[in-house]
Structures are given as C-alpha cells and as structure tokens.
Amino acid sequence: MTRANLLQIAVFAALFGLLELGTQMGWISRFTIIPPSEMVTGAYNLFASGKIVPDFVSTMWSVIVASLLAIATGFVAGAMVHSLPQLRRTLDPFFASYYAVPIFAFYPLFIFIFGLTDIPKMIIAYFYAVVAMMINTMNGLDRMPAVYSKTARVLRMSGTAKTFWVTLPAAMPYVFTGVKLAIAYAFLGTIAAEFILSTSGLGHAISFAYLNFDNNGLYSNILIVLTLSVVLNMVLFYWERILLTRRGLA
Amino acid sequence: MAALISKEGAGPNALSRELHSTPPFAEVHSCLRGVSKVYPERAGNPALHALGPIDLDLKKGEFFAVVGPSGCGKSTLLEVLAGLSNVTEGTVTFEGNAITGRVPDGVGVVFQEDASFPWLTVWDNLAFGLRRRGMDAGSIRSRVKDALALTGLSDFAKAYPAQLSGGMRQRVCIARTLVTEPRLILLDEPFGALDQQTRLLMGDEVLRLWRETGATILLITHALDEAAMLADRVGAMSSRPGRFLDVIETNWPKDRDSRIASAESFGRITGRLWSLLRNESRNAMGAAAGKLK
Ligand SMILES: Nc1ncnc2c1ncn2[C@@H]1O[C@H](COP(=O)(O)OP(=O)(O)OP(=O)(O)O)[C@@H](O)[C@H]1O
Ligand SMILES: [Mg+2]
C-alpha cells in the first residue's frame, strides 16, 4: 500500500469519525443524518433479515443485463459506425449532445408500454450506457496504428480474425474505459429509475424510506448503494491498472 | 521517365552470378512494370503523386537495397510490392502472379513504424502469425526459439514491448517476420532505431539469414553505407515522385559480412550513391522548406 492509499484511508476514517462524533453528541440532528455506526448495523440487518435481498437482486439484475447488452451492442455499433466515415460525420453531433438529452423524459413512455416491470428501468440503464460504450470504442479504433492493420494483412488474416485478434486487443484500453462508463451509467440509470417510479430495487428502497420518514432505512440503503458502486469501481480500476501497466501506459 | 534497371548480360555481374550459383538467367521473383502511385485527394489534401512510373525486377534470391531522400516514396514502393497498396497505373507480379488487392502468400514485411503488439509478450508476438495459421505447438516453439536467439531476444521472451527499448522492439518485428519464413522479405528501415554497432551486427545476421534461407530481400534504408555493404544491387531513388535514378551493382561475394566495409570498392560505391542523391536530397529538402513558408 502506498502513502497515498494510507492517506486516503486516513481522510475517510477521519470524516467518518467526525460524523459519528457529531451525531452522537447531538451537534447534528438525528433527523438530518444518523450516526455512521447505525448505518452499518442497519445495512447489516437489512441483509441479515433478508428484507433487502429482493431489492438488491432486482437492481443488480438490471445493472448486469443493461450493461452487458450495452457493452456488446455498443462495441459492435461503434465498430460499424467507425468503418463508415460518412455515417459517422452525420452522427457526430448526435454523439456530442447525447448526454445532454434527458433520457428520463422517455421513462413514462417505457412504463406505459411495458408496465411497472423491471424492463423500463433496464431500458433507461441501457440507453445511458450504450453511447458511452460506442464513443469509447470509436475512440479506441481511431487510435489503432495503421501498421497493425497492415500487419494483419501481411499475415493474410480474414476480417473476423483481424477484428478478434488485432483490432479488439489494440483498442482494449479505450474499450475498457467504455466498459467502466457503461457499468457506471447502467448503475446510475437503474437506481434513478427505481427512485422515480418502481416497485423494487435499491433506489426504490431509498425512496420508500425517505417518503416514510424512515431515516435509518434511508441511510442504510444509501450506504449499501455507495458501497456497491465503490466496490464495483475498485474491481474495474484494478483490472484496468493491470491492462495499462502491461502496455506501459500507467 | 522510367529508369529501367535489370541489366542482364555478362560483364562484372558474371562473377557474382557464379557465387550466387543461380542459373544464368535468374528467375524474376517480383516485378513492377510501369507502376505509378498517386494518393487520391482526401479531406482537403490534394492528390499526391508519390511514386513512379517505375520498373523493377527483383531476382529470386537477390539482396536489393533502396536508398533515396526522405518522402520520395520508398515506403510506398514497399507497400506496392507487398500488395498492401493498389497501384494507380501499371502491374505488380509476385512469383508470376499478378497482385490484386491482397498480400500474396510468402511475403514478409518489417514496417518502418513499430508494429509490435503491446498486448502480447515478445514470445506471443513472434508466435502470433504462426498460431493464426494453425501451426502445431511444437513447430511454433522451435521456430520462435530460433528467431529469439537470432535477434538476441532470448532473455526477453516474457517481456512486454513496453519494457523494451525502441531498437529491441524493432528486433521483435524482424523476428516476427522471420518466423513465418517468407520467400520475399521487405524491410523498411528496420535498423533505424538501432545504434551503429548493433546495426552492423544485425546487418550481418540478415546477411547470414539471407544465405541460409535463400529468400529475396528488399531493404529500404537511409544509410548509404548500409545499402552498399549489404546489397547485391542498390537502387537510388529520385525525390518525389520516386523513380530509380540508377541501380548500382556491388558485385560482392555471397558470403560477405560487414568487414567488406574496408574493401576498396566499398568507398567507390557509397561515393557513387552520394553523388546520385546529393542533388535529389537537396531538392527534397528545398521542396519541404518551400512548403513551410
Ligand atoms: N496513405 C497516404 N496518403 C496520402 N499520402 C501519402 C500516404 N502515404 C504516403 N504519402 C505521401 O507520399 C509521399 C511518399 O511517402 P513515403 O512514405 O513512401 O516516403 P518515404 O520515402 O518512405 O519517406 P521516409 O524516408 O521519410 O520514410 C510523401 O509525400 C507522403 O506524404
Ligand atoms: Mg518510409
């Protein structure tokens, strides 16, 4: 562990301790925030009692389905658009402004079509994730040195073999950024959709606790969501480090 | 206009022919006829006449070097010969068959740029082409081992290209081409990133390899002495659009090595090359300087 890591942990622990102290001593009202220790026990109890498990599964399921679909289709679509410069020029303004469009505006429409199932939130999560994957795939393909393609041609590789053995690994660091963003966006889209209108999921649990003045449930659920996203990001970050170090990019 | 080169017949070439132990009318391995390459206009850049018209006969088993000012179309010539680039005019043949849009089997290329794959270890880089061909693991192992030893990379088999120096990466690319045992090897300034001593030694290795495999070699280089030392024939190119100003026969014995640099005729050959290229290089630089204004 580096000094920076230790410092990060120290800062985090200090903030946690201050919050604990402040709430326990009554400097901060319990109606505003509860002591972190109670968040932890609360989160633990939610799992221990099995109360949160269906919500947890529902959220994870949505994130997994949406991000996997977004990663696969985003890569293929990104590669296709990349190979058609004309189409790409046409689509460029669309990509540039995509994340300025409130995709959530279409959420009621999806609920209207699919009902209060898991599908509307998966669609929202998917649309949040897929374009990040596309943009990063195209970015990666742009940066592939032309000499790699030439090498593949000298080795008389077929188009598919070239894509699989040369293009994909060459673009991997960028594709990986796309994967990271796709998962993050899918997570964001899912939680937010659950928050707005849904009958299950961690986002729904937070919203439900909030509407019922259940501060303990509220913060316990927030803690779960935060922990989940931090763990997810750490795993991806770790993978990315290995990938980049190998190529001398980190 | 096209400066034709293959000067058949007796004369000084007779000796080298004997040493090559090739039949009196050596088989043409790769051939260009009236080849021109114009890069079409694209994204605001005007069309650019990069090469030719040019004729060239590479004889089977010969070592041909190309020298010429920067930007004269040497790499373009190589891409045309390899079948990587379509010609605007003329025909390209390899082993008697016209090349159309595909690299023929039996051609190996070492590019000017670093083409080692950063996601693979040195070993996997070398094995890459053989694996794609579906060669059995045993043969791959022995070929990769040999190529590593030949290029002095045995200790770095497990390293990734990012951990190597530029010169070592270029050696990876050379080794990666050699393992596929091409019959025509095209080398585009492969020693550019190497220091002078390593350059001389690698030159000797390439000569040894050339003798052992009987492959035809075309070597592009910016070093006149390197061209004069390694090749049977040296083609000196004009500034863009590149044509051969002349092709000089060196008449070296086949079992030569870098020590011929001390031969009396060596100085004469490099001198002749320089007198051919001096004005062309000036022109090329002048043109570039003019563009900058
Ligand atoms: N793909 C391309 N599209 C357009 N122009 C190109 C392309 N490749 C090369 N050129 C142009 O063609 C000319 C010849 O380029 P080439 O790379 O063949 O030169 P070279 O002799 O190999 O130069 P150097 O010695 O610097 O490597 C240059 O003016 C270059 O700008
Ligand atoms: Mg070049």
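Reader: Read along the sequence, what pattern does chain A follow?
Author: This is a predicted model, in which local features need pLDDT of at least 70, side-chain atom pairs count only at pLDDT 80 or more, and totals for chains, interfaces and linings use all residues. Residues are numbered from 1 along each chain as written, chains are lettered from A and ligands numbered from 1 in the order written, and side-chain values use heavy atoms, without hydrogens or water. Chain A has 10 helices and 0 strands, where helices (H or I, at least four residues) and strands (E, at least two) are DSSP runs numbered from the N terminus. Its pattern is α-α-α-α-α-α-α-α-α-α.

Reader: How many helices and strands are there in chain B?
Author: Chain B has 293 residues, and 52% of them count as buried. Buried means under 20% relative accessible area, exposed over 50%, and partly exposed in between (1.4 Å probe, protein chains only). The count for chain B is 8 helices and 10 strands.

Reader: What part of the accessible surface of chain A belongs to carbon and sulfur atoms?
Author: Accessible areas come from the Shrake-Rupley method with a 1.4 Å probe; for residues, only the protein chains shown count as cover. Chain B exposes about 13,100 Å², with 53% from carbon and sulfur atoms. Chain A has about 13,900 Å² of accessible surface. The carbon and sulfur part of that surface is 73%.

Reader: How far apart are the end C-alpha atoms of helix 2 of chain A, and what should the helix span?
Author: Helix 2 of chain A covers residues 36–48, which is 13 residues. The expected span is 1.5 Å times one less than the number of residues, so this helix should span 18 Å. The end C-alpha atoms agree with that, at 18 Å.

Reader: Within what arc do the buried residues of helix 2 of chain A fall?
Author: An α-helix has 3.6 residues a turn, so residues three or four places apart point the same way. Here the buried residues are Pro36(A), Met39(A), Gly42(A), Ala43(A) and Leu46(A). The arc is taken from the directions from the helix axis to the C-beta atoms. The buried residues of helix 2 of chain A line one face of the helix, because they fall within an arc of 115 degrees.

Reader: What covers the buried residues of helix 2 of chain A?
Author: Turned away from the buried side, the face of helix 2 of chain A carries exposed Tyr44(A) and Ala48(A). Contact here means heavy atoms within 4.5 Å. The cover over the buried residues includes helix 1 (3–24) and helix 10 (215–246) of chain A.

Reader: Which element of chain B gives the most to the shell around ligand 1?
Author: Ligand 1 is surrounded by 13 residues (a heavy atom within 4 Å). The closest are Ser70(B), Lys74(B), Ser75(B), Thr76(B) and Gln112(B). Strand 2 (48–59) and helix 2 (74–82) of chain B each supply at least two residues of the shell. The most, 3 residues, comes from helix 2 of chain B.

Reader: How much of the accessible area of ligand 1 does the protein cover?
Author: A polar contact is a pair of N or O atoms within 3.5 Å; within protein, one must be able to donate a hydrogen and the other to accept it, and residues adjacent in sequence count only if both atoms are side-chain atoms. Oxygen atoms of ligand 1 lie 2.7 Å from a side-chain N or O atom of Ser75(B) and 3.2 Å from a polar backbone atom of Cys72(B). A nitrogen atom of ligand 1 is 3.3 Å from a side-chain N or O atom of Tyr39(B). Of the 640 Å² that ligand 1 has on its own, the protein covers 63%.

Reader: Which side chain makes a polar contact of 3.0 Å with the side chain of Thr221(B)?
Author: Thr221(B) sits in the loop between strand 8 (216–220) and helix 7 (224–230) of chain B. Thr221(B) is buried, at 2% relative accessible area. Residues that Thr221(B) touches include Val66(B), Arg199(B) and Ala227(B). Its 3.0 Å partner is Glu226(B).

Reader: Is Phe213(A) buried or exposed?
Author: Phe213(A) lies in the loop between helix 9 (202–211) and helix 10 of chain A. Its phi is positive, near 50 degrees. Most residues other than glycine have a negative phi, and most peptide bonds are trans. At 77% relative accessibility, Phe213(A) is exposed.

Reader: What is omega for the peptide bond that joins Arg240(B) and Pro241(B)?
Author: Pro241(B) is in the loop between strand 9 (233–237) and strand 10 (244–249) of chain B. The bond from Arg240(B) to Pro241(B) is cis, with omega about -5 degrees.
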